[in-house]
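Please read it alongside the sequence and the coordinates.

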Amino acid sequence: MTIPTGHAIATAELFKDAFRAHPAGIAVITAQGVDGPVGLTASSVSSVSAEPPVLAFSVSTASSSASALIAADTLVVHLLGADQVGIAQLFATRGADRFGGAVAWRPLPTGEPLLAEAPWALRCRILHRLPVGGSMILAAEVIAIEQGDDGAGGAPLVYHNRSYHRLGDHSLLY
């Protein structure tokens, strides 16, 4: 195999390095599992279609919440703002008591956990599950949206190079 000048064979480490340099918005995804509420922090959420509203995200099958999220028929994707960095860190910490009182939440009438501080909460119905490597890609139709008090106006929470960042007017380039 010939590698063009300036290119290297794709390795897991180079792949991770490339995506560390690519910022991503942060979300917390929650569902009601058989043993109670589950959730995790994700940087892989992306919009897929506006009509109908569909999003997609990936879940590492090694995550403690993976099996419950993958099995769920519905879940909630919480798009976080910079003021919710503590929530992002809590839901990213393995073994943390995510629903033990550190975060304000309530069950929706349909059972899924809703995080009270999230600027945007999108209740979704799973459409497709696609196993890829050590992850599962989930495509979900958004069936309800709840906008928090600061949904439209707050600074988004972004993950870049293993750190959380706040976007705002100071970062505007154009």
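## A loop residue, E117

E117 lies in the loop that runs between strand β8 (113-115) and strand β9, where strands are DSSP runs of E with at least two residues and helices are runs of H or I with at least four, numbered from the N terminus. With a relative accessible area of 42%, E117 is partly exposed, a class that falls between buried (under 20%) and exposed (over 50%), using a 1.4 Å probe and protein chains only.

Setting aside neighbours within four places in sequence, E117 is in contact with Q84 and I87, contact meaning heavy atoms within 4.5 Å. The C-alpha atoms of E117 and Q84 are 7.3 Å apart, although 33 residues separate the two in sequence.

## Basis of the model

The model is predicted, so local features need pLDDT of at least 70 and side-chain atom pairs count only at pLDDT 80 or more, while totals for chains, interfaces and linings use all residues. Residues are numbered from 1 along each chain as its sequence is written, and side-chain values use heavy atoms, with hydrogens and water left out.

C124 is found in strand β9 (residues 120-132) and counts as buried because its relative accessibility is 0%. Beyond its neighbours within four places in sequence, C124 has contacts that include L55, L75, V77 and V142.

## The chain as a whole

The protein chain comes to 3 helices and 12 strands. Its radius of gyration, taken over C-alpha atoms, is 17 Å, close to the 16 Å that the globule rule (2.2 Å times the number of residues to the power 0.38) gives for 174 residues, so the chain is as compact as a globular protein of that length.

Buried residues make up 35% of the 174 residues. Of the contacts with a separation of 6 or more, 62% join residues 24 or more positions apart.
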